[in-house]
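Subject: Structure handover

Dear colleague,

I am passing on the structure that follows, together with an account of what was found in it. Please read the notes with the coordinates open beside you.

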Amino acid sequence: MRSRIVIGTVVVVWLLIGLFAAIQRGYFSTDEANCATIGSTLTTIGAGPLNYFGVNPTVECPDLPQPSE
């Protein structure tokens with residue numbers, strides 16, 4: 001029972017640190033919402049404290065094929 005509380009607390013703190021890193025990088029200050037922006041924001045939050053040790057996660061979305069005319 002006690003280990004569940006400890007693990008849950010660690011996960012919440014990890015994600016809060018990642019959220020703080022995303023805020024510092026300005027991911028929430030733009031109105032532009034596309035695949036790369038959303039992906040980079042989520043990976044930054046998921047990386048948590050690793051952001052402060054040099055990890056800079058970014059996501060690039062593949063080009064989608066255009067519909068034929």
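This is a predicted model: local features need pLDDT of at least 70, side-chain atom pairs count only at pLDDT 80 or more; totals for chains, interfaces and linings use all residues.

Ala-36 sits in helix α2, which covers residues 35-47, and, once its neighbours within four places in sequence are left aside, it is in contact with Val-59 and Cys-61. The C-alpha atoms of Ala-36 and Thr-58 lie 7.6 Å apart in space, although 22 residues separate the two in sequence.

Turning to the overall form, the protein contains two helices and zero strands. Its radius of gyration is 16 Å, well over the 11 Å that the globule rule gives for 69 residues, so the protein is more spread out than a compact globule. The C-alpha trace spans about 60 × 25 × 20 Å along the principal axes. Of the contacts with a separation of 6 or more, 54% are between residues 24 or more positions apart.

As for the surface, the protein exposes about 5500 Å², of which carbon and sulfur atoms supply 66%, while buried residues make up 19% of the 69 residues. A nonpolar patch on the surface is formed by Ile-7, Val-11, Trp-14, Leu-15, Phe-20, Leu-50, Tyr-52, Phe-53 and Val-55, which together have about 880 Å² of accessible area. One of these patch residues, Leu-15, belongs to helix α1, which covers residues 2-24, and Leu-15 counts as partly exposed because its relative accessibility is 40%.

Is Asn-51 buried or exposed? With a relative accessibility of 7%, Asn-51 counts as buried, since the cut-off for that class is under 20%. The side chain of Asn-51 reaches the backbone oxygen of Gly-48 at 2.7 Å. Beyond its neighbours within four places in sequence, Asn-51 is in contact with Gly-18, Ala-21, Arg-25, Thr-44 and Pro-57; among these partners, Gly-18 and Ala-21 fall within the residue range 2-24 of helix α1, and Thr-44 falls within the range 35-47 of helix α2.

Definitions and conventions. Residues are numbered from 1 along each chain as its sequence is written. Side-chain values use heavy atoms; hydrogens and water are left out. Helices (H or I, at least four residues) and strands (E, at least two) are DSSP runs, numbered from the N terminus. The radius of gyration is taken over C-alpha atoms; the globule rule is 2.2 Å times the number of residues to the power 0.38. Buried means under 20% relative accessible area, exposed over 50%, partly exposed in between (1.4 Å probe, protein chains only). Contact means heavy atoms within 4.5 Å. Accessible areas come from the Shrake-Rupley method with a 1.4 Å probe; for residues, only the protein chains shown count as cover. Patches are made of residues with over 30% relative accessible area and no salt bridge: like charges are joined within 9 Å, nonpolar side chains (Val, Leu, Ile, Met, Phe, Trp, Tyr) within 5 Å. A salt bridge is a side-chain nitrogen of Lys or Arg within 4 Å of a carboxyl oxygen of Asp or Glu. A polar contact is a pair of N or O atoms within 3.5 Å; within protein, one must be able to donate a hydrogen and the other to accept it, and residues adjacent in sequence count only if both atoms are side-chain atoms.
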